Amino acid sequence: MNSYILFYSSNYAIWAENILKDDGIECRLISVPREISSDCGYCLKIALELKSRARVVLERKRVPIDKIVDL
């Protein structure tokens, strides 16, 4: 199972990817899966167990998150 972090823009997704990777959190920038949203754009795919840590890091850096979905 994975978590998908959605953002308000692709720029935020790219920024978040760089921040998480710099902090040692493995993530992958992907297109938003259709099961989550019909909007086009990018999100970050991370392991479910890294979700809380990723949220803390992104909040600390003030990256706006739309939502986090577990699938």
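Arg 53 is partly exposed, with a relative accessible area of 39%; buried denotes under 20% relative accessible area, exposed over 50%, and partly exposed the range in between (1.4 Å probe, protein chains only). The structure is a predicted model, in which local features need pLDDT of at least 70 and side-chain atom pairs count only at pLDDT 80 or more, while totals for chains, interfaces and linings use all residues. Residues are numbered from 1 along each chain as its sequence is written, and side-chain values use heavy atoms, with hydrogens and water left out.

The side chain of Arg 53 meets that of Asp 23 in a salt bridge, at 3.7 Å from N to O. A salt bridge is defined here as a side-chain nitrogen of Lys or Arg within 4 Å of a carboxyl oxygen of Asp or Glu. Asp 23 lies in the loop between α1 and β2 (28-31), whereas Arg 53 belongs to helix α2 (residues 51-60), so the pair ties together parts that are 30 residues apart in sequence. Helices (H or I, at least four residues) and strands (E, at least two) are DSSP runs, numbered from the N terminus. Asp 23 is itself partly exposed, at 30% relative accessible area.

A salt bridge also joins Asp 23 to Arg 60, with the closest N and O atoms 3.8 Å apart. This pair links distant parts of the chain, as Arg 60 is in helix α2 and Asp 23 in the loop between α1 and β2, 37 residues apart. Arg 60 is exposed, with a relative accessible area of 52%. In general, side chains of opposite charge can pair when their charged atoms come close.

By the same rule, the count comes to four salt bridges. One of them is formed by Lys 51 and Asp 70, whose closest N and O atoms are 2.8 Å apart. Lys 51 lies in helix α2 and Asp 70 in strand β4 (residues 67-70), so parts that are 19 residues apart in sequence are tied together. Both residues are partly exposed: Lys 51 has a relative accessible area of 22%, and Asp 70 one of 30%.

Asp 70 also takes part in a polar contact of 2.6 Å with the side chain of Ser 3. A polar contact is a pair of N or O atoms within 3.5 Å; within protein, one must be able to donate a hydrogen and the other to accept it, and residues adjacent in sequence count only if both atoms are side-chain atoms. Ser 3 lies in strand β1 and is buried, at 0% relative accessibility. Beyond its neighbours within four places in sequence, Ser 3 is in contact (heavy atoms within 4.5 Å) with residues including Leu 44, Ile 46, Lys 51 and Asp 70.

Within helix α2, Ala 54, Val 57 and Leu 58 are buried. These residues cover an arc of only 95° around the axis, which puts them on the same side of α2; the arc is that of the directions from the helix axis to the C-beta atoms. The buried residues of α2 pack against β1, α1 and β3 (42-47). On the other side of α2, Ser 52 and Arg 60 are exposed. Just after α2, Arg 62 takes a positive phi of about 60°.
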